Amino acid sequence: MTDDEVADALAGMGPRLRAARERRGVTLTGVGEATGIAPSTLSRMETGRRRPTLDVLLRLARAYGVSLDELAGTAPAPAPAPGPRAAAPRRAADGKAVLPLTRYVGGLHAHKHVLPAIDAPPARPRQASHEGHAWLCVLYGRLWLALGDRDVVLDAGDVAEFDGRTAHGVANAGPGGPVEYLIMFGPQGERPRPRTPVPGGGPGGGA
């Protein structure tokens, strides 16, 4: 490619020259001392009143620590910055994995829980309570929900909604594989819709 062809291809590159210099934090005088190019000439190139030759561009590229393509505006577009990484699951001492699905800043928030497979019938789930309302949906397996003095088993696709102030706890309902479920909860009154009552039945077939 001849100098003229390069000059034609680089028309309008003045702003890129100025941006490259400013990123280096140097003045026109400083660039002139480093490259032997008069500051007045540099100024005219940056304002588009003069097109640089290939030799001048090579000297400026070295001075600014960039490629010739970057000055010419022909460098490939940078790859988009990667988005936020998905949150890594947290694992409790009992092997349960918890994957946050929302960033909790007040109001409703959601998690996906995975309970590991078990080899023996489980003990009744340990219960806890909290302010707010809770909604859960079983994605896979059979989930034992101990809600107050009630014991119910939820199969894949079943949904339960309850007041978080009622003592509750969950466990894998028995041998047969892991259990995956979604749970969403938040302040009292912020209740997900539709509302589905807790189904009857328990691990032993009774309420």
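**Figure 1. A146 has D151 as its bridge partner in strand 6.** The model shown is predicted: local features need pLDDT of at least 70, side-chain atom pairs count only at pLDDT 80 or more, and totals for chains, interfaces and linings use all residues. Residues are numbered from 1 along each chain as its sequence is written, and side-chain values use heavy atoms, with hydrogens and water left out. Helices (H or I, at least four residues) and strands (E, at least two) are DSSP runs, numbered from the N terminus. Strand 5 and strand 6 run antiparallel and are joined by six bridges. Two strands count as paired if DSSP finds at least two bridges between them. L145 stands opposite V152 in strand 6. The two strands form a hairpin with two residues between them. In the turn, G148 has a positive phi of about 65°.

Figure 2. Strands of a sheet pair through backbone hydrogen bonds, either parallel or antiparallel.

**Figure 3. Strand 8 (residues 168–172) is mostly covered.** Four of its five residues are buried. Buried means under 20% relative accessible area, exposed over 50%, and partly exposed in between (1.4 Å probe, protein chains only). Strand 8 pairs with strand 5 (residues 142–147) in the antiparallel sense, over five bridges. Which residue of strand 8 is the bridge partner of L145? That partner is V170.

**Figure 4. Helix 4 (residues 39–46) has T41, L42, M45 and E46 buried.** These four cover an arc of only 135° around the axis, which puts them on the same side of helix 4. The arc is that of the directions from the helix axis to the C-beta atoms. Which helices do the buried residues of helix 4 pack against? They pack against helix 2 (14–24), helix 3 (28–35) and helix 5. Just after helix 4 comes G48, with a positive phi of about 80°.

**Figure 5. Helix 5 (residues 54–64) buries V56, L57, L60, A61 and Y64.** Viewed down the axis of helix 5, its buried residues fall within an arc of 135°, so they line one face of the helix. G65 follows helix 5. The phi of G65 is positive, near 70°.

Figure 6. H133 counts as buried because its relative accessibility is 2%.

**Figure 7. S129 sits in the loop between strand 3 (109–115) and strand 4.** Is S129 buried or partly exposed? It counts as partly exposed, because its relative accessibility is 48%. S129 and T166 are 37 residues apart along the chain, with their C-alpha atoms separated by 5.8 Å. Neighbours within four places in sequence aside, S129 is in contact with G164, R165, T166, A167 and H168. Contact means heavy atoms within 4.5 Å.

**Figure 8. H113 lies in strand 3.** Its relative accessibility is 11%, so H113 counts as buried. Residues up to four places away in sequence are not counted here; H113 touches K96, A97, V98, V179, E180, Y181 and I183.

**Figure 9. The protein chain has six helices and nine strands.** How many of the 207 residues count as buried, as a percentage? The share is 34%. Among contacts with a separation of 6 or more, 63% come from residues 24 or more positions apart. The accessible surface of the protein chain comes to about 12300 Å². Carbon and sulfur atoms account for 54% of that surface. Accessible areas come from the Shrake-Rupley method with a 1.4 Å probe; for residues, only the protein chains shown count as cover.
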